[in-house]
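Thanks for coming. I will go through the open space in this protein and then the ligand site. Please have the structure up while I talk.

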Amino acid sequence: MQRVYNFAAGPSALPLPVLEQVQKELLNWNGMGASVLEISHRSRQFTSVVEETIAMIKSLYQISDDYEVLFIQGGGHTQFAMVPLNLCAGQCGAYALNGVWSRKAFKEAQKIAQAKEATSVELRVPRQDEIDVSGASYFYYCSNETVNGIQYHYTPDVGIDMVCDMSSEFMSRPIDVNRYGLIFAGAQKNFGPAGVSIVIVRKDLLDKASSTVPSMLDYKTYAGSLSMYNTPPTFAIYVAHLVAKWLIDEGGVAEMERRSIIKSNLLYDIIDSSNGFYFNQVEKQSRSRMNVVFNLENKALEERFIQEAEAENLRYLKGHRILGGMRASIYNAVSIEAVEKLAEFMKKFATRYA
Ligand code: PMP
């Protein structure tokens with residue numbers, strides 16, 4: 001069986017060695033004579049997986065002991081609610097709006113507390129001097145807008161705690177965690193299957209939630225229990241553990257960044273040199289290295305593009321239903337070779353139909 005070149009936005013490609021290991025040990029994990037799917041989360045073997053995954057995340061991002069690493073269910077959407085529920089006693093956050101996911105998080109926060117708009121821009125990230133955080137307890141932004149293909153290539157410096165949705169760029173480049181109060185990311189793009197989100201939170205923020213916050217929505221509950229107050233998503237955490245190992249073996253986040261620059265440049269170069277056959281409307285300095293969004297000047301050709309790409313095993317290139325067009329998601333597990341194949345196809349297609 002031939003595996004396809006997978007450009008899905010999430011859930012998305014996982015490293016092949018990870019999938020092979022899952023397959024190999026599915027029936028008999030760790031010599032237990034049972035699957036990892038079938039054993040207690042409180043077994044010594046499974047708690048070791050959780051502890052090791054936390055340790056590997058800490059080592060990959062060089063996270064100090066001032067932070068907790070938590071595993072929480074409910075995806076990014078639950079984080080949109082947990083952030084204001086936990087951090088809006090008194091003042092609430094100021095949100096930078098520049099794409100689908102930051103706007104959705106802002107709407108959710110407004111249901112819960114008096115969240116403010118820090119700035120609102122289109123097709124780019126805001127500049128530092130456009131961000132207004134006055135009267136806010138935290139600044140919230142989404143470092144990579146998955147749908148719009150917009151990514152911050154600088155870390156804002158706003159003088160208050162920063163909360164960042166890194167769902168679609170988690171572990172794809174080095175970051176300085178000390179700059180943040182809280183970082184969250186759904187695993188299903190760069191770090192595993194759907195079902196678990198990773199939250200990195202500075203310990204002093206754990207005491208901010210009021211006593212009326214339900215236990216399952218209170219970060220403290222997770223911090224005090226190795227994320228096992230209730231039954232955690234064991235399979236998703238187990239796969240994330242394998243992905244973390246893979247990341248370390250491959251050279252860590254600096255190496256992921258090096259590859260993502262090569263991969264994204266391959267595609268943007270073709271778009272930019274196609275004389276308008278392909279176009280991307282995002283400001284150049286704000287282009288995403290994870291989600292390359294583009295359209296064809298001749299809209300009528302877009303369906304044909306998708307069909308011909310599929311015939312060459314290049315899959316899941318359709319843009320998000322809100323935007324249409326095309327989107328190539330090129331997360332860590334998407335190889336340079338896969339992106340070269342796509343680049344070659346795009347060149348051929350443009351020559352044929354220009
Ligand atoms: N934030 C970002 C940046 C995303 O890309 C997504 C999902 N694509 C979400 C949040 C929402 O995540 P979930 O579907 O896991 O709730």
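Start with the largest pocket: 21 residues line it, and Arg3, Leu14, Leu16, Ala333 and Ser335 lie nearest its centre. Before going further, this is a predicted model, in which local features need pLDDT of at least 70 and side-chain atom pairs count only at pLDDT 80 or more, while totals for chains, interfaces and linings use all residues. Residues are numbered from 1 along each chain as its sequence is written, and side-chain values use heavy atoms, with hydrogens and water left out.

A pocket here is an open set of points on a 1 Å grid over the protein atoms alone, with protein on both sides within 12 Å along at least five of seven lines; a cavity is a set where a 1.4 Å probe fits but cannot get out, and lining residues have an atom within 4 Å of a point. Volume is the space filled by probe spheres set on the points, which are joined across faces, edges and corners.

The largest pocket holds about 480 Å³ of space. Helix H9 (336–353) is among the elements that supply at least two residues of its lining, as are strand E1 (5–6) and helix H1 (16–24). H9 gives the largest share, 3 residues. Helices and strands are DSSP runs, H or I of at least four residues and E of at least two, numbered from the N terminus. By type, the pocket lining has 13 nonpolar, 3 polar and 5 charged residues. Nonpolar means Ala, Val, Leu, Ile, Met, Phe, Trp, Tyr, Cys and Pro; charged means Asp, Glu, Lys and Arg; the others, Gly among them, are polar.

What surrounds the ligand? The shell has 13 residues, the closest being His77, Thr146, Asp165, Gln188 and Lys189; near means a heavy atom within 4 Å. Helix H3 (residues 75–87) gives the largest share, 4 residues. The shell divides into 3 nonpolar, 8 polar and 2 charged.

- Gly76: a backbone N or O atom, 3.0 Å from a ligand oxygen.
- Gln188: a polar side-chain atom, 2.9 Å from a ligand oxygen.
- Lys189: a side-chain N or O atom, 2.9 Å from a ligand nitrogen.

Of the 390 Å² of accessible area (Shrake-Rupley, 1.4 Å probe) that the ligand has on its own, the protein covers 84%.

Note on methods:
A polar contact is a pair of N or O atoms within 3.5 Å; within protein, one must be able to donate a hydrogen and the other to accept it, and residues adjacent in sequence count only if both atoms are side-chain atoms.
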